[in-house]
Structures are given as C-alpha cells and as structure tokens.
Amino acid sequence: MSDYDKIAKFYDTVIGRSKEEIEFVKNRIHKYHAGANSVLEIGCGTASNLLVLSKKYDVTGIDISQEMLKLAKKKIPEGKFHLSDIKNFNLKKKFDVILCLYDTINHLTLLSDWKKVFKNAYQHLNTNGLFIFDINTIYKLRSVSEISPLVHKFRSNYLIMDIRKISASTFNWNLKVFEKLNSNNKYELFESNIKESSFEISKISLELSKFFSLLKAEDETGSKVKADSQRVYFICKKTDSK
C-alpha cells in the first residue's frame, strides 16, 4: 500500500486544488497547442484535473495509488486509468499533451529519476506535443518547513502537516488525518510520510533541454520566475530537432 492509499478518501477535500489552477493549465494548452485532442496525466491522483479536461479531450491517467485510481474511475467512467510508476510506464501510445501537476514530480527525490520522467514523457508524446509540469521550489519547501506543523480542520476531522528538512534538497511531509467516528469524540488516525525534493531551476532546465524545447518557465501567477517563487510551471514542446 502506498502512502497515498492511506489518505486517498480525504484527498479531494484536504489536498485538492482550486479551479483557478486547472484553468491556468487549460489556458496554456490552448495557447501552445490549440489542436490537441488527447491528454495523459501522470500522477493523476483522483483525476480532478482530468474530470475538467475530459469535457474537451480524450483523457488517460497514471498513478501509483490503487485507491486513488478507484476514485478516478468513479469520476470518469469512460477515462483510461493505469496503475504504474511515472518513471517507467509504457502505454505503447502517444499523446498530444502530458501533464504532471501539483508537485507530483517533487515526490521523486533524485534528479536522475526526474530525468527518467522527462525521457518517458518525450517517448509518449506526438511531435509538437506539450509536456507541462509544475514543482514546489526549494524556497517553498524551506518556507513551509519553517512554519510547521500546520493544522487544518475539515468537517469534523483534522489534518496535521509537519514538514521537516532531512537534507539540503529533501523534506519529509508527515500527514496525520484524524477522522471523527462518532459523537463521543473518538477519532481514527490515518498517517503517511511523503518525501519531496526540489532542485535549482537552472539544473531542471538543462535536463529538459536534452529532450524538449522549453517554451516557458513561469510562476503560478504567470510571471517570470523569481528567487521567492513558490510554484513554477514548465511548458515544454517536443520537436523533431531534439
């Protein structure tokens, strides 16, 4: 069982993202590949992003959590979902757009594994296809670790997030969900530990350049990346010249 299996049923309520973020991605797809028809999301989770995109695109999802994929299939019965690792999947099919969102790639703690994702995305893209992914920056991970733990109440339940630095580039996210069972104030604990790593933007861009043309790197507001940017989006294109 993966650590995300343990918290899958709480994911949409606690960790799910805003509509503005998927709109940001939709706008980038339209701007850079208006003719796209198919979308693959690697690390799709419960498929909240793909649910929005399925209104226009043929959607496919990959995730390492079986429990997440069960929820994804309920949301999009016509979608195609695969239990696989984002580093070494092989669908024997190519797509117009590949997404890796909400700091999914940060869960790989080695830059060599990020390279495997880049290579695999390249191999699964049609010519002129887009690879769009985002990261938590080192600045963001350091910042949240300095104010941890964080407590969030949802319905009658509680989430405690304790983010701790364990090396120069790697942080451990200890997630504890206390689910209220009845009116007698009894709770059940669901706990998981998820590591995240990040790397310098220049290093990431260099590795991307071996496979893609990097169209743009921007923060979540669409602005130029700065030293204190917390989330950075990379919009990459597969061209015949690579």
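Contact here means heavy atoms within 4.5 Å. By that rule, Trp114, Lys115 and Phe118 in α6 meet Ile204, Glu207 and Leu208 in α8. The model is predicted.

**Helix pair α6 and α8**

- The contact of α6 with α8 has four nonpolar residues, two charged residues and no polar ones.
- Helix α6 spans residues 111–123, and helix α8 spans residues 201–208.
- The two helices pack at an angle of about 40 degrees. Their axes lie 10 Å apart.
- Angles under 35 degrees count as roughly parallel, and 65 to 115 as roughly perpendicular. α6 and α8 are therefore oblique to each other.
- The crossing of α6 past α8 is right-handed.

**Largest pocket**

- The largest pocket holds about 1000 Å³ of space.
- Its lining has 46 residues. Closest to the centre of the largest pocket are Tyr4, Asp103, His107, Ile194 and Glu196.
- By class, the lining of the largest pocket has 20 nonpolar, 14 polar and 12 charged residues.
- Helices and strands both contribute to this lining. The helices that each supply at least two residues are α1 (3–7), α2 (11–14), α4 (48–53) and α7 (138–146).
- The strands that each supply at least two residues are β6 (150–154), β7 (157–165), β8 (170–180) and β9 (187–197).
- β9 gives the most to the lining of the largest pocket, with four residues.

**Second largest pocket**

- About 160 Å³ of space lies in the second largest pocket.
- Residues lining the second largest pocket include Thr137, Ile138, Tyr139 and Arg142. Phe199, Glu200 and Ile201 also line it. So do Val225, Lys226, Ala227 and Ser229.
- α7 gives the most to the lining of the second largest pocket, with three residues.
- The lining of the second largest pocket divides into six nonpolar, two polar and three charged residues.

**Backbone details**

- Most residues other than glycine have a negative phi, and most peptide bonds are trans.
- The peptide bond from Ser148 to Pro149 is cis, with omega near 0 degrees. Pro149 sits in the loop between α7 and β6.
- Tyr102 has a positive phi, near 55 degrees, and is a residue other than glycine. Tyr102 belongs to the loop between β4 (95–100) and α6.

Technical notes: Residues are numbered from 1 along each chain as its sequence is written. This is a predicted model: local features need pLDDT of at least 70, side-chain atom pairs count only at pLDDT 80 or more; totals for chains, interfaces and linings use all residues. Side-chain values use heavy atoms; hydrogens and water are left out. On a 1 Å grid over the protein atoms alone, a cavity is a set of points where a 1.4 Å probe fits but cannot get out, and a pocket is an open set with protein on both sides within 12 Å along at least five of seven lines; lining residues have an atom within 4 Å of a point. Grid points are joined across faces, edges and corners, and a volume is the space filled by probe spheres set on the points. Ala, Val, Leu, Ile, Met, Phe, Trp, Tyr, Cys and Pro count as nonpolar, Asp, Glu, Lys and Arg as charged, and the others, Gly among them, as polar. Axes are lines fitted to C-alpha atoms, for helices over the stretch in contact, and angles run from 0 to 180 degrees between N-to-C directions. Angles under 35 degrees count as roughly parallel, over 145 as roughly antiparallel, 65 to 115 as roughly perpendicular and the rest as oblique. A crossing is left-handed if the near helix is turned anticlockwise from the far one by less than a right angle, and right-handed if clockwise.
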